[in-house]
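Here's a quick briefing for anyone meeting this structure for the first time. Have a look at it, then read on for the main points.

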Amino acid sequence: MKRVGFLLKVRGDKLEEYKQHHKAVWPEMLDALRQSLPDDPLPLLAKIRLLKSDKMWSQINQSVTSWCQSHPNDVNVPLIVANDLAGGQGDEPKKIAEELLSLIIILSRVFAIMCLCEKNFWFLASHVIYC
């Protein structure tokens, strides 16, 4: 798929005005992007940047957790977000980062168990076929 984009620069003195005007538009735009590209993490990461600027920590946690439930093999997104939050100031973003890192550990264990089960299934199935 060919991707096309552009770079928009906003004057420093107009940045807050830009954010206020687009606050209502961006969630709808990001939802539309997520629906059209459900496996692309970029709309989610853009949403998280907006939520981070508004200090909406619990929504960040919910968004990443939801992503992980629908993409159990993807540990990159929670790792990127956790890394970003861990570098922030305050206790709340660091707490969310810890929760996301715990989620990564859980997902990794589940994925490893699934791989073992699948490997054992094929091993057992091959022996049953040849017996």
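Of the chain's 131 residues, 22% count as buried, where buried means under 20% relative accessible area, exposed means over 50% and partly exposed is anything in between (1.4 Å probe, protein chains only). This is a predicted model, in which local features need pLDDT of at least 70 and side-chain atom pairs count only at pLDDT 80 or more, while totals for chains, interfaces and linings use all residues. Residues are numbered from 1 along each chain as its sequence is written, and side-chain values use heavy atoms, with hydrogens and water left out.

**Overall layout**
- The chain has six helices and zero strands, with helices (H or I, at least four residues) and strands (E, at least two) taken as DSSP runs numbered from the N terminus.
- Going along the sequence, the pattern reads α-α-α-α-α-α.
- Among contacts (heavy atoms within 4.5 Å) with a separation of 6 or more, 48% join residues 24 or more positions apart.

**The core**
- The largest nonpolar core has 18 residues; such a core is a set of buried Ala, Val, Leu, Ile, Met, Phe, Trp, Tyr and Cys residues joined through side-chain atoms within 4.5 Å.
- Ile48, Ile60, Val64, Val81, Leu85 and Leu100 touch the most other members of this core.
- Two or more core residues come from each of α3 (42-53), α4 (57-70), α5 (76-86) and α6 (91-130).
- Leaving aside neighbours within four places in sequence, Leu100 is in contact with Asn61, Val64, Pro78, Val81, Ala82 and Leu85.

**α3 against α4**
- These two helices, α3 and α4, pack at about 165° with their axes 9 Å apart; axes are lines fitted to C-alpha atoms, for helices over the stretch in contact, and angles run from 0 to 180 degrees between N-to-C directions.
- That makes α3 and α4 roughly antiparallel (angles over 145 degrees; under 35 is roughly parallel, 65 to 115 roughly perpendicular and the rest oblique).
- On the α3 side, the contact uses Leu44, Lys47, Ile48, Leu51 and Lys52, and on the α4 side Trp57, Gln59, Ile60, Ser63, Val64 and Trp67.

**The loop between them**
- Met56 sits in the loop between α3 and α4 and is partly exposed, at 33% relative accessible area.
- Met56 and Pro93 are 37 residues apart in sequence and 9.3 Å apart in space, C-alpha to C-alpha.

**α1 against α2**
- Helix α1 (residues 15-22) packs with helix α2 (residues 25-36) at about 60°, axes 6 Å apart, so the pair is oblique.
- Here Tyr18, His21 and His22 of α1 meet Val25, Trp26 and Pro27 of α2.
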